[in-house]
Protein chains: 6
Amino acid sequence: MKFAAENSFEVKQKISEKQIAILPIGAIEAHGPHLPLETDNLLAERLSILVAKRVGAFVLPTLPYGQVWSLKNFPGSITVSNESLVNMLVDLGESLYNQGFSIFSMVNGHLGNSVALKEAARKLYERYPDLQVLYFFYPGMSEVVSSIRETPSSHNTYFHACEIETSLMLYLAPEYVDMERAICDIPVIPLSADATPTPWEEFTDTAVLGDATLATKEKGEKVISVVLDNIVQVIEEVRRGVATYKSND
Amino acid sequence: MKFAAENSFEVKQKISEKQIAILPIGAIEAHGPHLPLETDNLLAERLSILVAKRVGAFVLPTLPYGQVWSLKNFPGSITVSNESLVNMLVDLGESLYNQGFSIFSMVNGHLGNSVALKEAARKLYERYPDLQVLYFFYPGMSEVVSSIRETPSSHNTYFHACEIETSLMLYLAPEYVDMERAICDIPVIPLSADATPTPWEEFTDTAVLGDATLATKEKGEKVISVVLDNIVQVIEEVRRGVATYKSND
Amino acid sequence: MKFAAENSFEVKQKISEKQIAILPIGAIEAHGPHLPLETDNLLAERLSILVAKRVGAFVLPTLPYGQVWSLKNFPGSITVSNESLVNMLVDLGESLYNQGFSIFSMVNGHLGNSVALKEAARKLYERYPDLQVLYFFYPGMSEVVSSIRETPSSHNTYFHACEIETSLMLYLAPEYVDMERAICDIPVIPLSADATPTPWEEFTDTAVLGDATLATKEKGEKVISVVLDNIVQVIEEVRRGVATYKSND
Amino acid sequence: MKFAAENSFEVKQKISEKQIAILPIGAIEAHGPHLPLETDNLLAERLSILVAKRVGAFVLPTLPYGQVWSLKNFPGSITVSNESLVNMLVDLGESLYNQGFSIFSMVNGHLGNSVALKEAARKLYERYPDLQVLYFFYPGMSEVVSSIRETPSSHNTYFHACEIETSLMLYLAPEYVDMERAICDIPVIPLSADATPTPWEEFTDTAVLGDATLATKEKGEKVISVVLDNIVQVIEEVRRGVATYKSND
Amino acid sequence: MKFAAENSFEVKQKISEKQIAILPIGAIEAHGPHLPLETDNLLAERLSILVAKRVGAFVLPTLPYGQVWSLKNFPGSITVSNESLVNMLVDLGESLYNQGFSIFSMVNGHLGNSVALKEAARKLYERYPDLQVLYFFYPGMSEVVSSIRETPSSHNTYFHACEIETSLMLYLAPEYVDMERAICDIPVIPLSADATPTPWEEFTDTAVLGDATLATKEKGEKVISVVLDNIVQVIEEVRRGVATYKSND
Amino acid sequence: MKFAAENSFEVKQKISEKQIAILPIGAIEAHGPHLPLETDNLLAERLSILVAKRVGAFVLPTLPYGQVWSLKNFPGSITVSNESLVNMLVDLGESLYNQGFSIFSMVNGHLGNSVALKEAARKLYERYPDLQVLYFFYPGMSEVVSSIRETPSSHNTYFHACEIETSLMLYLAPEYVDMERAICDIPVIPLSADATPTPWEEFTDTAVLGDATLATKEKGEKVISVVLDNIVQVIEEVRRGVATYKSND
């Protein structure tokens, strides 16, 4: 399942069997006192493994650097530009296509990457119309989250190092969570944050957007269960679509 | 020592103490039947850890995708362009500089990355003259290798999946080597390969450039010992240079 | 209020008084049988005028070409790339800054432009930190829309040539609407449309995403009233922020 | 005739009939005390309409932002770079080609755009050899102008907010001219202005290059009459050329 | 006078004395049967030497490759893009500035380079405001030419391998002209050639635009005499401007 | 043999016969007190002529500007970026291909150009697979040099204005060498120079890396003899390869 562990003599046959490459992509980013900088990478990587088990895919090495504009001034954050990210993802997609994959699926653990992933997918779509490029950032999460959370959300799109993301970590990567250091910090985000570039240090000192102390493994499991089903469903749809299309040739 | 495992609340102080960030960079590339596609990543990562222990540095997450032009048509290889690599490395350097690091050291496990690393270092040098950017590809290796190897080299610069690289793996990452599948394949490389773009499938079917069966952990240890000393020596020189320079202000 | 109608001899003084430039931006895009291709431009332009009256701003000439990826294959649609749009918007922002404006506010009538607007705003933020760059796509619309609409939404983000957008037109630009040709067409959008590049011809023949026959001027007025208040509020906040900041110098 | 006012259901058929898209392009630029900043846009747009009536073309929405290097420091001027302009024009040309147009004709009201228009036309020529791309900046104007003007020209290429351009406005857009404020200002332009970058503030305070008080509607009509005939003649030649070429296939 | 022949130990002092660097730039381009492909390079180089003698400048090595769009399909023509040319010229200007030159003067022998030279000059102007960048393409030539030529011009801007250019060669580089092979070929250039990309093979088989048999050394001398005076005058003006400006510091 | 001296009427036939274009490329760079700034250009050009005589090729005009990062701060050096160089070389290769050449061979006299030449060759290889692109920087030189030199080398890769390069000049371009001013200056190059951007002024004041007084014409001849044979051999191999390949069609 781990692509990088394969050897060159046998991998060609396996590619033709699996057809699906999953790229975990996250970021190195401040996540408060209780979560490591690599939180988004860990989540992307472990969710990718769950997906791969369900659909029979290869998991590629995690691309550990993402677009971290909003939090780039917090200690430990590392950011790359949208342009750099798009270019590298397009290169990867092209290589995977040349290697014989028919589905390139990016499992994203960091919201800031979303623009780059979609842009890369569209560029690949134009160049390689028979390569299916997918991008996932916790699809279908919002409904299950609203039924789970015990505190109101700071923002209608953002969740970060909070009740929810910490729960995801407690389910997917608990050995990296230090719940004794979890804090509750619910910032007031100004309305203008959706209308003008707003580094997060303007409204939070901790980069925690909620009450991390309320996180539980169970909450994380509920969210991941829904998200995983959604990802698998889309991949299966796309795979069948490809199969059908091919049999029509 | 592992940067990504730190948390945002404590990492700032540690950056100001360590001052050195080491980026392992390799590639996903065909390495014959006995070595995994991630060989260059494993070597870069483990060598980085040895360096970090000696100089007291942070090791960043490995950038696992490199420029694999020559072997890109072999099964399992994934390549990104020089431009994509340079842009991302420059972004990383800029972020590390903004985070307070004064030395950004790239430990490279894949020859094909060398051009991009040097170009990125020069661009960063122009923009951030007080950030020291280093790039290492087994410095000082050639002399010790020539004293060790039992078979002549296929090429004066290239070594790949052969007696030497397999020895490096046996020393640094033995659990990833399958010596029972190691082969001897010494191709004749045409003179023109240094003067015109020459994909390696033109002169090898295996991507092995030598006799991998002669690899030993001891050979690997000898090479790494020299290389490690050289890297540490350069970093120490540069670090003292910075310190001296600063005290002169 | 209309910047382009000013003359060079008097405009300098007026810029220093108004301080705010509003750029309407839309697209040329298929909008069904009852709405013109320029629908998004008309909405952006007329909403901009309402905003300008409230805050005392200049309205710039409408940038009439936008990023129309999803509908670009429908008759009449014209698209420009994100890169082209970002570059031109950054140029405009730089010029406005050099002309003495302190707030550059983009009023967007086309969802597909959102990525480019945000990216341009961030680039301008890095280069000209004392220029406030704003981007608006019907802020606060979702709540009022859900209380108004009589038919369920085809998608949680998209609305297009439907009950809602047609209502906006009936309020802001009724002379361009031909309600006799309004249709009801509620497509089923596949789950994968949020995870892979999906031109809309894959799920609709009309480009109408809902029941346009239910559109009324009153619905449009309710939405615009909320949106207008939100835009004005953000601009006023930002303007006061700037003023305060300056008095601190 | 106005493309943007069409709707998606009927426009396809009309495109296949008309075949010609005309893009007016001008600039926002200082034009003295008696002409508005949008002078070049108004001229381009109204001339485009005259052309469209003669040849049966669609007129696209005016691209109102141009390359205004020389006058960019005058109050009210807004400039975009050649690169931004070329990229957007190439995108537009590509879209028009995909929509089924066979002739893309740019009617330019601002000399500073000429380089970008020609460069864009050449790029489109290379990519879409069967799309005819035209660019016009008052073709054949120089002869008629020299027979009309009562004052010598400040420069052999430039004319700006002067006897000539004001006359064009009096003919094409008289409601935007305030002749009571027209001035006479004939600067001496140094020889070096053709050999080194020379912002116009180095030789004029008004941006008026001549005697605007001598402008008349009749002079404007004479110029436009010649120019219009020339444009129509070229379009007709090109259109017939296409037809002939196609019948030869 | 020849910069490239200097050595590093003495050149610094000489740069501080001369202050002016002249770059000849031409092209490799078809010039009929009687002139070599390097005609534009020879003219630029020899005219540069005459200028350098008059103003006391260094002449740089000729940049022998230019933008040859119109004639690129003729045998022997070599073209580079505007982008490539602009980038290299900007690099050269930056280097000359860093070396201590205050005037960078491009003497151009090929009309097709004009756009790139002006664009490069503007970019350098923005970055290095105290570097004077000049570009010359036979300044003031049109008047003297119209008094000299015995045959009407094929075009109001173009002259190529004709009575005029051949005369320039007979004066500046006679050893490269084979008058026995000179021809007369006066093509009719369609009006559309100024309005749409038009490779010259559409209207000429020889690339000669006139009657080369009428060329004489005397005609060439008259043109060059005027052009040379004009170039020297502009350089002197600019040099004095710089000197005055500096004494004001 | 000199391409630029040909005329357009006859060159097409000659291109089809010769098939090989040789581009000399060097740099303007400090070479101590005894060698001119154009040393690398002279060497590239004269070596190119020797090669052309042996293989029957055209020699193109020398591209006299190269990437001179390391020595760019020395008096007289002029540098262009890798990007500019790569773009221009790719343009040249494309033009040569369109003109009918099948082999484009770059003879390089300046080590700093090597990265750009290889990158350009790879880009051309991808676009024009049936154009053979070659790049040579004194192939096979190292062995013969080590048998000739009387003083140890300052560096395992660099040689500059020293015993060796001066010898090359004494053989290929003796009229440009002033042996009376030749000096001996053997700098100690720090180990870090291979691991971090290191302008040469950090370790040398003269830019001479060795004992230039030991240079002789005989040494130069020995090196050039070997290098010339190697270049000719590769070109012949490639030429035969092309021929063979073609007969297989």
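## Two interfaces in a predicted multi-chain model

The side chains of D:Arg181 and C:Glu10 meet in a salt bridge, with N to O at 2.6 Å; the term requires a side-chain nitrogen of Lys or Arg within 4 Å of a carboxyl oxygen of Asp or Glu. The count between chain D and chain C is four salt bridges.

This is a predicted model, in which local features need pLDDT of at least 70, side-chain atom pairs count only at pLDDT 80 or more, and totals for chains, interfaces and linings use all residues. Residues are numbered from 1 along each chain as its sequence is written, chains are lettered from A and ligands numbered from 1 in the order in which they are written, and side-chain values use heavy atoms, with hydrogens and water left out.

**Chains D and C.** The same surface serves both copies, since 100% of the contact residues of chain D recur in chain C; contact means heavy atoms within 4.5 Å.

D:Phe9, D:Tyr65 and D:Met88 supply 16% of the area that chain D buries against chain C, more than any other three residues. Helix H1 (8-18) and helix H3 (82-99) of chain D are the elements that give two or more residues to the side touching chain C; helices are DSSP runs of H or I with at least four residues, strands are E runs of at least two, and both are numbered from the N terminus. H3(D) gives the most, with nine residues.

**The two interfaces in figures.** Buried area is the accessible area (1.4 Å probe) that two parts lose on being put together, summed over both. A polar contact is a pair of N or O atoms within 3.5 Å; within protein, one must be able to donate a hydrogen and the other to accept it, and residues adjacent in sequence count only if both atoms are side-chain atoms.

| Interface | Residues in contact | Buried area | Carbon and sulfur share | Polar contacts |
|---|---|---|---|---|
| Chain D and chain C | 49 residues and 49 residues | about 3,800 Å² | 61% | 30 residue pairs |
| Chain F and chain B | 31 residues and 31 residues | about 2,500 Å² | 51% | twelve residue pairs |

**Chains F and B.** The count between chain F and chain B is four salt bridges. B:Glu126 forms a salt bridge with F:Lys72, the closest N and O atoms being 2.7 Å apart. H3, helix H4 (114-127), strand E4 (132-136) and helix H7 (217-247) of chain F each give two or more residues to the side that touches chain B. The largest share, seven residues, comes from H4(F).

**F:Glu83.** This residue lies in helix H3 (residues 82-99) of chain F. F:Glu83 is partly exposed, with a relative accessible area of 36%; buried means under 20%, exposed over 50%, and partly exposed in between (1.4 Å probe, protein chains only). Not counting residues up to four places away in sequence, F:Glu83 touches B:Glu119 and B:Lys123. The side chain of F:Glu83 makes a polar contact with the side chain of B:Lys123 at 2.6 Å.

**Pairs without contact.** No contact joins chain B and chain C, whose closest C-alpha atoms lie 14 Å apart. Chain A and chain E also have no contact, and their closest C-alpha atoms lie 20 Å apart.
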